[in-house]
Amino acid sequence: MIHVITAENRDLYKDALRQHHRIRHEIYIGERHWNGLQSRDGLEFDNFDNTNATYVLALEGDRVIGGSRLYPTALPHMLDQVCPALAEVKGIPRGPDIFEWTRIFAIKERREGRFGGKVVGNILCAGLEFCLAEGVTALSLVFEAWWLPRLQSHGWIIKPLGLPGLIDGEWWLAAMLPINENILAATRAHYGITERLLVRQGLSGPGLRRVA
Ligand code: COA
């Protein structure tokens, strides 16, 4: 199942969050060699791992097998702080109903893109499900260019914000994705997902931190 973790329920997920930062260390520092990340005790953090972040994690029992992060665009966020040049044509989308979705990963032994990418598909569908339930109207995405055909194959109508930019040897893009029930239905159909996957354990009200 896919769990949503916010400032409100993070005490219930202390171990899962720690695992997630450890896996991120293995992936983003060990495997992908990204710059500008903080390494502490084998855990990886960036400037947006704070109480404004919402994590969408795939858990199998107590084990984290994949993850992602939503962050309010009304606050300083990755696109405007780290790579604003990617949005030079259309500008940086900001607003209480727009969230930045980044850091999507699956642990190595559960990557299966060529066979359907089930873990990633579950995260994408549950994330969309959650955002729609929270009244989010659009997602701001920063991604490596190889994602583009894959995202489009989900039926996502991506609106590029600028030209691709070369960062540390990889081509990156920023785009906005207006979301609605059709996008969720198309993504579910792409991954053959028929049921709801979201767990909102310990959340009393809205899950996302809204900033005007
Ligand atoms: N560069 C270029 N293409 C890539 C890639 C990369 N770093 N990672 C994945 N792909 C493409 C390839 O075409 C790959 O197919 P191939 O193995 O036949 O070449 C295809 O995506 C499927 O990859 P796979 O990892 O098997 O798919 P998945 O859907 O299960 O998982 C990710 C996709 C990105 C979540 C997973 O690869 C991952 O966790 N990577 C590390 C974290 C990461 O880089 N996240 C993206 C930035 S936040």
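Author: Two strands pair if DSSP finds at least two bridges between them; strands are DSSP runs of E with at least two residues, helices runs of H or I with at least four, numbered from the N terminus. The model is predicted, so local features need pLDDT of at least 70 and side-chain atom pairs 80 or more, whereas totals for chains, interfaces and linings use all residues. Residues are numbered from 1 along each chain, and side-chain values use heavy atoms, without hydrogens or water.

Reader: How do you know that strand β1 pairs with β4?

Author: Four bridges join β1 (residues 2-5) to β4, and the two run antiparallel. The definition asks for at least two, therefore they pair. Within this pairing, I2 stands opposite A58. On β5 (residues 63-72), β4 is joined antiparallel over five bridges, with Y55 opposite R69.

Reader: What makes strand β4 largely enclosed?

Author: Buried means under 20% relative accessible area, exposed over 50%, and partly exposed in between (1.4 Å probe, protein chains only). Six of the seven residues of β4 (residues 54-60) are buried, so the rest of the structure largely encloses this strand.

Reader: Why is the set containing L70 and W101 called a nonpolar core?

Author: Such a core consists of buried Ala, Val, Leu, Ile, Met, Phe, Trp, Tyr and Cys residues joined through side-chain atoms within 4.5 Å. The largest has 67 residues, and L70, W101, L139, L141 and W156 have the most contacts inside it. Helix α3 (residues 118-133) gives the largest share, ten residues.
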